[in-house]
Amino acid sequence: MLALLLARCDQPVDPQVILDLVWGDQALPLDVSVVHTTVARLRRAIGSDQIETTDRGYRLRAGTTDESAFSDHVARAERLRQGDPDRAIQLYREALGLWRADRAYADVTDHLVAAEVAKLGEWRSAASQALAELLMERGEAEDLYEVVRLTRDFVEREPLHERAHELYMLGLWRAGRQAEALATYERFRLMLRDELGIDPSASTAQLHSQMLAQDPTLEPARRSPTRRLRPAPPAPTTPLVGREVELATTLKMLSERRLVVVTGLGGVGKSRLLREVHQALHDDREVAYLDLGTTGPLTRRDLVEAIGQALEVGLNIDDPLGSLVQEFGPQPSLLILDEAERSMEPVAEVAGELLARCPSLRLLVASRRPLGIVGETTVPLEPLPVPAEDADLSEVAASDAVRLLNERITDLAPAENIGSEDLMLLGRLARRVDGLPLALELLAGYAGTHALPELEDVLKEPIELTSVDAGRPERHRTLRDTILWSVDRLPPGHRQVLRRLGVFSGSFDLAAARAVVGPDCDDVENTTRALVREGLVQARREGPGLVLRLPTAVRELAAAGLDEKNELADAQARHRRWHAAERWRGELRSEAMLLDMRYRYPDYLAALRSGLEDRDRATVGPIAMTLSRYWGFIEMIAVGARWLEEVLTSGLLSPLDEARLRTMRAHLVVHHDPVGTQRDLSAALPVLEAENDTASLVTAHIISALERFESGDLEAATASGERAVAAASQATQERQADAYGILALVQASTDAEAARVSAKEAWSRASGSGNPASRASVATNVSLALMEIGDATQALTLLRRAAGEMNPEAVPTFLVFNTSWAELLCGDPASAWLGFTGSLWAYGEALGDRFAAEAFAGAACALSDLDRPEAAELLAGATELLLRNEQVLQPWQTSRLERARARTAPWAAIAWPDGSVELGRHLATLTRQADLAMGTNR
């Protein structure tokens, strides 16, 4: 158990998981009490404060272990390899001295720690290789014996590791054991042939050839230390977090290209990346570093003189650049320039000339935008990834932005004990600043004087974050100053476009940018692209176009500028008109509309909010109508109902728009509020009939049929379904399919043959609509009818076909939910369980309503079919929730529920929580525990 907790150090492990992993096959007759007992014994052995009990299981506190000491020694050695190889050798020796067996966790069952053993083995091999290389480079006689011992152990552990064999051969050769070196090569060659069917690589074969030829260059070189040009960038004082890929990319580009420019918004971490590159360089090139952020704007001559000063070179008054060229000479050299955007034109000009005249010179530059010269390779630096809003604890903890914030807070407030709830808070804070490293570091600076929950108040205005660290560069003292530096240097037209883009709450495309910026700005598209190059607008390619977004801090600054220039009202009006545009007017539920609203939802909502505030009669109705279709399709019931109430009571709607929105509200709440549904339809139907609004009339009759069907009035439901079909005869095929689908559903309980005919009519019309989202809605009603008349197999085929035609991100919850019922009826309870519980988590609203009750009932049936012990309690709880909602299931659902009760042991009577919502939460907890116990892979 100790090994398991160590391997997952500082992460909670559920007791059931511990039981299954540690006891294996012997766990079957046991329960988790044996885990609790063993934890108590373990606490007595290692200290009671070392193992925490959390709501997600037991967690071993992160502390000083051999692994952490090894990692620390190796990291320090890596940083010192170039500048202080003797100290690096000492650190590598100390690190490897921590190993006391052939492998980590040598006396522990392998399956518990297999991944950790493999990882630590790789670290050990890398450290052994690094130490052997350093000792070989130092070339002292006494080092060779250590090289031979070290590499011999290495090749015994990893007999196919080629670099280890090269070092072993060279160590033997230099130690005077040439015959053994040659024999080692032959053994290795034969082993590769036997094991892999290949020959040694060219480098190993060349080493063997040099040995046969008694090549004198195999003897150790007696070189003087490589001269490193000064000044160097400040060495990092904290571990690098989340930039491993960018660091590797930059180093790779430097090995292949001569001009590499790291670009990105101010505060994104360009300077830190340059420091890490400087620390990681292990070659013989000479390095010079110049921070242009500490100087004012430079002319070409100023820049040449600044580089000369960094190189400690006297410049020829007639040809100062020539002096630099002569200094760099033929030896490999690297010039690092930080904050180049402060003198863009001189940097571009001097960089081009130096590269042309110095073939062995390479340049690494950090700039907020590219230099724009031939041969330039850019490494764009984006803010650190942040966890999604629905991320679980493990995903939040693994997020790079949260890791950085967590580490910096721990640095500044080491006594702070960051638990599960705190990590979720850090996830929210990281999202609030878009993962911008400077903002995260500035925010962490407040941790020394603020409790963690108070940091949310600090972030009410992220742009006002201020450094409490006097050692921070002046340009990074406040987030406002960092962003303003870039904004103030933009041409006036670019600043105007950026200000107006500040009205967007989320992402947008170039078409939206053109519409919202307005016709009085020239060439909005190219200006926006220029802002992307400046790092002030983030861009990602999605399909054929660009998806754009302003980082939070930039957006706040831009929006403040709108207010200052009295442009805010006009920009918001254009923003509303765009989101109330004709492109979605009359659109029922196309996949394009649903996906656009999913990604742009904050802006649709912002447009509705500003329309209500500004009393804009022209846009409030269309925007609310579009939003209500989205709310209905993805079942955002509570949110949609709240907003529609505000719109309907605003006094801004025409009678027709009010009737349409009442119909959409009835659509939203039909499964949750039958009285409210009837009230809205009674008010809407006369207006829709008088105005002859066919599309809305069809919707109203469909909702009426569904409400009466769920209330058990089948005759009235059939009549409403027939009225929907009659009204739809004057509408599109898509509307006709909807009407026949609801008619099939209500007929299925009384007339199976009529239901089959209506279902066929519905699907034939849906199939010709060319709209996957429409087919998803029709497939739901038709499949429910088919399940009622006993054809679950066809229902499942239909549902899966409808889902398969849609973009996976657009598949609605109701389609997944009804597919689960079909899977249950077709004998696939495992898939049904995933669908029912997944629908509950996706639904995310009140867990005590009708939808939740039906979902819990289906999940309980699935558990019963899977012979899970949790089925009894979930079945009893779901039955209670159905009763509280006065919900009558369909006969086939009731039959399925009765079957589950018959094959499940009765659950002892308990006092359920008083409220339906509280009962729903209790059942949700139970389903999550069952999910964890089953090890469900989602």
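This is a predicted model: local features need pLDDT of at least 70, side-chain atom pairs count only at pLDDT 80 or more; totals for chains, interfaces and linings use all residues.
**The whole protein**

Start with everything shown as a cartoon. The protein has 938 residues, and buried residues make up 52% of them. Its secondary structure comes to 43 helices and nine strands. Along the principal axes, the C-alpha trace spans about 100 × 75 × 55 Å. Switch to a surface view: the accessible surface comes to about 41,800 Å², and carbon and sulfur atoms hold 50% of that. Contacts can also be sorted by distance along the sequence. Of the contacts with a separation of 6 or more, 68% are between residues 24 or more positions apart.

In what order do the five strands of the open sheet stand? The order is 4-5-6-3-7, and the pairing is parallel. Strand 4 (286-291) and strand 7 (376-380) are at the edges; each has a single partner strand, so one side of each has no neighbour in the sheet. On average, neighbouring strands of this sheet are turned by 15° against each other, with direction ignored.

Now select helix 13, residues 300-311. Helix 13 packs on the sheet and touches strand 4 and strand 5 (333-338). The direction of helix 13 makes about 130° with that of strand 4.

Next, keep two strands of the sheet in view: strand 3 (residues 259-263) and strand 6 (residues 361-367). They pair in the parallel sense over five bridges. Show Leu259 and look across to strand 6, where Leu363 stands opposite.

**Two residues with positive phi**

Select Glu339. Glu339 lies in the loop between strand 5 and helix 15 (344-357). Its phi is positive, about 55°, although Glu339 is not a glycine. Most residues other than glycine have a negative phi. Is Glu339 buried or exposed? Glu339 counts as buried because its relative accessibility is 4%, and the cut-off for buried is under 20%.

Then select Asn692. Asn692 is in the loop between helix 31 (674-691) and helix 32 (694-710). Asn692 also has a positive phi of about 55° and is not a glycine. With a relative accessible area of 58%, Asn692 is exposed.

Zoom in on Leu160, which lies in the loop between helix 7 (141-157) and helix 8 (162-174). Leu160 counts as partly exposed because its relative accessibility is 37%.

**A leucine in helix 36**

For the last stop, select helix 36 (residues 772-788), where Leu786 is found. Leu786 is buried, with a relative accessible area of 5%. Which residues does Leu786 touch, not counting those up to four places away in sequence? They are Asp791, Ala792, Gln794, Ala795 and Leu798. Leu786 and Leu796 are ten residues apart in sequence, and from C-alpha to C-alpha they are 9.4 Å apart in space.

Notes
Residues are numbered from 1 along each chain as its sequence is written. Side-chain values use heavy atoms; hydrogens and water are left out. Helices (H or I, at least four residues) and strands (E, at least two) are DSSP runs, numbered from the N terminus. Buried means under 20% relative accessible area, exposed over 50%, partly exposed in between (1.4 Å probe, protein chains only). Two strands pair if DSSP finds at least two bridges between them. Axes are lines fitted to C-alpha atoms, for helices over the stretch in contact, and angles run from 0 to 180 degrees between N-to-C directions. Contact means heavy atoms within 4.5 Å. Accessible areas come from the Shrake-Rupley method with a 1.4 Å probe; for residues, only the protein chains shown count as cover.
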